[in-house]
Amino acid sequence: ARAIKVLPDICGLASAALPRRDPFYCASIFGDIGDRFVLCRGQFEAEADKMVDQLTLMTPQGKGQDEPEDPHYGLFGAAYLTRAYLQLIGLRSYDFTITDAPMHDRLVPSQLERIFGPTVFDKACENGHQINSRDLPTNKELVKDLLRRTHAFALLVADKTNSLTMTHWQEIYSVDRVVSLPEIEHVPHVMAVIIGLTEGTLDFRS
């Protein structure tokens with residue numbers, strides 16, 4: 001809930017990091033498979049007020065267990081079910097997963113069909129991904145595929161993250177792609193700095 005309040009700030013902050021592009025942002029929240037809605041995802045928007053409207057419709061369920069959690073279903077959608085013009089012309093988008101807990105070990109076919117519908121594997125195939133429901137990618141393989149299309153990072157909330165959780169995410173993303181946040185309210189600023197450093201529009205002296 002605290003993150004949702006500050007996320008619209010990324011619309012303005014990212015503009016400085018992407019001076020030659022109009023930044024479009026798609027907000028989503030994930031829960032646990034014990035929740036009624038495991039994943040809520042909006043549309044890509046360039047204006048903060050439109051993003052606020054979407055975020056007001058995303059209410060965390062809070063019915064599942066505290067940890068591990070299930071963000072890997074959102075990562076599956078980003079890696080295999082998203083087709084953006086930006087990527088079709090050879091550019092990479094950005095993907096940020098914000099959490100304070102590790103993930104469950106594997107994806108479950110029935111949960112993918114529950115979240116994305118019974119044609120989920122056909123849709124992945126239409127996007128050029130041959131996904132075998134009997135041999136789903138591991139979390140590490142999932143992130144590896146995501147990195148072919150995006151600059152992906154995991155943002156961990158420091159005041160609730162222990163060393164085991166940090167190690168868990170570093171093993172999946174690599175040390176360079178896991179960033180610890182002192183407070184959740186800093187999410188938009190950290191995202192904008194990461195984008196600027198990656199694009200070369202900011203440096204450590206900025």
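Visitor: Leaving aside its neighbours within four places in sequence, which residues is V143 in contact with?
Guide: In this predicted model, V143 is found in helix α8, and at 1% relative accessibility it counts as buried. Once the neighbours within four places in sequence are left aside, the residues in contact with V143 are L75, I172 and Y173.

Visitor: How far apart in space are V143 and F30, C-alpha to C-alpha?
Guide: V143 belongs to helix α8, and along the sequence 113 residues separate V143 from F30. In space, taken from C-alpha to C-alpha, the distance between V143 and F30 is 16 Å.

Visitor: Within what arc do the buried residues of α8 fall, seen down its axis?
Guide: Helix α8 covers residues 139–146, and its buried residues are N139, L142, V143 and L146. Seen down the axis of α8, these buried residues line one face of the helix, because they fall within an arc of 95°.

Visitor: Which exposed residues does the face of α8 turned away from its buried side carry?
Guide: The buried side of α8 holds N139, L142, V143 and L146, and these residues pack against α4 (72–80), β3 (93–99), β4 (150–157) and α9 (163–173). On the face turned away from that buried side, the exposed residues are K140 and K144.

Visitor: On how wide an arc around the axis of α3 do its buried residues lie, and what includes the cover over them?
Guide: In helix α3, which runs over residues 48–55, the buried residues are M51, Q54 and L55. They are put on the same side of α3 because they cover an arc of only 95° around the axis. What covers these buried residues includes α1 (2–6) and α2 (10–17).

Visitor: Is L112 buried or exposed?
Guide: L112 lies in helix α6, residues 109–116. Leaving aside its neighbours within four places in sequence, L112 is in contact with Y73, F76, L107, G117, V120, F121 and L136. Since its relative accessibility is 0%, L112 counts as buried.

Visitor: How far apart in space are L112 and P8, C-alpha to C-alpha?
Guide: L112 has its place in helix α6, and in sequence L112 and P8 are 104 residues apart. From C-alpha to C-alpha, the distance in space between L112 and P8 is 29 Å.

Visitor: Which residue forms a salt bridge with E126?
Guide: The structure holds two salt bridges, and in the one made by E126 the closest N and O atoms are 3.9 Å apart.

Visitor: How far apart are the closest N and O atoms of R148 and D145?
Guide: Side chains of opposite charge can pair when their charged atoms come close. R148 is exposed, with a relative accessible area of 55%, while D145, at 22% relative accessibility, counts as partly exposed. R148 forms a salt bridge with D145, and their closest N and O atoms are apart by 3.2 Å.

Visitor: How many disulfides does a search of the whole structure find, and how far from C40 is the nearest cysteine sulfur?
Guide: The search of the whole structure finds zero disulfides. C40 is buried, with a relative accessible area of 17%, whereas C125 is partly exposed at 35%. A disulfide needs two cysteine sulfur atoms within 2.5 Å, and C40 is in no disulfide, as the nearest cysteine sulfur, that of C26, lies at a distance of 12 Å.

Visitor: What value is phi of S174 near?
Guide: S174 is found in the loop between α9 and β5 (178–181), and at 31% relative accessibility S174 counts as partly exposed. Its phi is positive, in a residue other than glycine, and lies near 95°.

Definitions and conventions:
Residues numbered from 1 in each chain as written. Predicted model: local features only at pLDDT ≥ 70, side-chain atom pairs only at ≥ 80, totals over all residues. Heavy atoms only, no water. Buried < 20%, exposed > 50% of the residue type's maximum accessible area, 1.4 Å probe, protein only. Helix = DSSP H or I, 4+ residues; strand = E, 2+ residues; numbered from the N terminus. Arc of directions from axis to C-beta. Contact = heavy atoms within 4.5 Å. Salt bridge = Lys/Arg side-chain N within 4 Å of Asp/Glu carboxyl O.
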